[in-house]
Amino acid sequence: MENLAQYFQMGGYAAFVWPAYGLGLIGLVGVLWLSLKSWKDAEQEFSGLKSSRDDGASS
Amino acid sequence: MHKFANPTFFMKIANGIFPWATGISILCFAVGLPLALIISPPDYQQGDTVRIMYVHVPAAWMGLMVYGVMAASSAVFLIWRHTIAHLVARASAPIGAVFTALCLVTGMLWGEPMWGTWWVWDARLTSMLILFFLYLGYIALGDSFEDQERGDKAAALLALVGSVNLPIVHFSVEWWNTLHQPAIFGLKGFSVNAAMLQPLLLMVAAFQFYYIAVLVIRLRAELLSAKIRTARFNLAAAE
Amino acid sequence: MTRKRRRLYFVGLGLLGLFSATALMLTAVEDNIVFFFSPTELKARTVAPEQRMRVGGLVEEGSVNKSGGTVRFTVTDTVESLTIQYNGILPDLFREGQGIVAEGRMGRDGVFLANDVLAKHDETYMPPEVADALKKSGNWHPEGATAQAAEAKPATTSN
């Protein structure tokens, strides 16, 4: 337990090392999430548009 | 060569690459992160702050590389008018911007304890900040035109003009006195010990394949948006 | 076909012009881009007494002299050297043989009065044990040269 606490202190540089990795995680996961969302949104809109066009054609 | 310009063919290849890029990226992160954070030794001078380098250096390289991809595909778009090349540039920009921002922020987190300052206006730091602004400018410009085609061309031109900054970022530490240290990779190989080089290269690979995977996702979204625009246009024309 | 060719030449020439213009411009304003002057460069320039500037060099071995809150040390570029006086907190990396950059102004007595001292790190990264091994085997060349030394001795660096 003590070793673990010591590890997380990063030799006294915890305040610099952990934020660097935390921000890295937020940045990469954030871009991935936004990209997936824009893809899914576009897919939904496209299928909606296709069905509305088909409706338009049938009416 | 120009058959790659066919979006259907291009996406067929991209979708084939996608699972591989995703898998390799996850694998490299899974091996690289424990090496970077736990197994690799502290540096003889920097102590544990050396671990920041395993995020900072890959982010910096990718920030430069992605801009290179953006500039090259913008040139292809301007000369041969292949829409897919423009979409590659457009889809790359936000990824590259985040890489560059990450490089700047992790650099500051390293600079404060090691240099004794968060930021200095030396040639390397300043040119890297300009790279970040170029990304932002490119993203903003693409959406600010009423006329889609003119916006595309203006953004492509900006990407091309901004490429003059790439050699400046890279060589700034050699051409001028800077506070930033010279490149770790030179003609004589790496000046980094093997135990630290391993996590560094794994993280570089992880970032690289992350970029490819996310690029494919963004390209799918971009192509769908283009299709939606055409469908809307046809719908409006039919009424 | 010819239009594409024309656009290709146009982009190529445009980039060539842009890169050359930038290169010329950067050469012209070089003095404003360099972050610091070395003691040799400083000697070659005429400096106004109150002009703020930065000097950089290696902290000379055995030159660090602390009294109270004030530190005096000499930086060198192996040709010329300059004494610096500083009143404040030194960065973690500050030590003898280390590269530093000091910001301040030239005093009348030829001593550089620093408001701020920054440590400059080199591009060499290695674990403490390797650094010790290099020192023991006599392959230790601080600042820059360590990179080549580390490479010339792959047996000691690979662990």
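How many helices and strands does chain C have? Chain C has six helices and six strands, where helices (H or I, at least four residues) and strands (E, at least two) are DSSP runs, numbered from the N terminus. The model is predicted, so that local features need pLDDT of at least 70 and side-chain atom pairs count only at pLDDT 80 or more, whereas totals for chains, interfaces and linings use all residues. Residues are numbered from 1 along each chain as its sequence is written, chains are lettered from A and ligands numbered from 1 in the order in which they are written, and side-chain values use heavy atoms, with hydrogens and water left out.

Along its sequence, chain C follows the pattern α-α-α-β-β-β-β-β-β-α-α-α. Of the 159 residues in chain C, 38% are buried; buried means under 20% relative accessible area, exposed over 50%, and partly exposed in between (1.4 Å probe, protein chains only). Contact means heavy atoms within 4.5 Å. Among contacts in chain C between residues at least 6 apart in sequence, 48% join residues at least 24 apart.

The interface between chain C and chain B was examined next. In this interface, 42 residues of chain C are in contact with 46 residues of chain B. The two chains bury about 3800 Å² between them, with 62% of that area on carbon and sulfur atoms; buried area is the accessible area (1.4 Å probe) that two parts lose on being put together, summed over both. C:F35, C:E123 and C:Y125 supply 19% of the area that chain C buries against chain B, more than any other three residues. There are 13 residue pairs in polar contact between chain C and chain B, both residues being at pLDDT 80 or more. A polar contact is a pair of N or O atoms within 3.5 Å; within protein, one must be able to donate a hydrogen and the other to accept it, and residues adjacent in sequence count only if both atoms are side-chain atoms. The count of salt bridges between chain C and chain B is zero, a salt bridge being a side-chain nitrogen of Lys or Arg within 4 Å of a carboxyl oxygen of Asp or Glu.

On the side of chain C that touches chain B, at least two residues are supplied by each of α1 (2-28), α2 (30-33), β6 (112-120), α4 (128-136) and α5 (145-152) of chain C. The largest share of this side, nine residues, comes from α1(C). By class, the side has 25 nonpolar, seven polar and ten charged residues. Here Ala, Val, Leu, Ile, Met, Phe, Trp, Tyr, Cys and Pro count as nonpolar, Asp, Glu, Lys and Arg as charged, and the others, Gly among them, as polar.

Helix α2 (residues 53-80) of chain B has 28 residues and should span 40 Å, in agreement with the 40 Å between its end C-alpha atoms. Because 21 of its 28 residues are buried, α2(B) is largely enclosed by the rest of the structure. Just after α2(B), B:R81 takes a positive phi of about 60°. Within helix α2 of chain B lies B:M65, which is partly exposed at 29% relative accessibility. Beyond its neighbours within four places in sequence, B:M65 is in contact with B:Q208 and B:Y211. Helix α7 (residues 194-238) of chain B, with 45 residues, reaches 66 Å from its first C-alpha to its last, close to the 66 Å expected. The N-terminal end of α7(B) is capped by B:N193, a side-chain oxygen of which lies 3.0 Å from the backbone nitrogen of B:A195.

Over all chains, the structure holds eight salt bridges. Side chains of opposite charge can pair when their charged atoms come close. B:D48, in the loop between α1 (7-39) and α2 of chain B, forms a salt bridge with B:R51, the closest N and O atoms being 3.0 Å apart. B:D48 is buried at 13% relative accessibility, and B:R51 is buried at 4%. Not counting residues up to four places away in sequence, B:D48 touches A:M10, A:G11, A:Y13, A:V17 and B:P42.

A salt bridge also joins B:E149 and B:K153, with closest N and O atoms 3.7 Å apart. Both residues lie in helix α5 (residues 148-162) of chain B, four residues apart, about one turn of the helix. In chain C, C:E103 forms a salt bridge with C:R52, the closest N and O atoms being 3.4 Å apart. This pair links distant parts of the chain, with C:E103 in strand β5 (residues 99-106) and C:R52 in strand β1 (residues 52-59), 51 residues apart. C:R52, C:R54 and C:E103 are linked in a network of salt bridges.

Notes. The expected span of a helix is 1.5 Å times one less than its number of residues.
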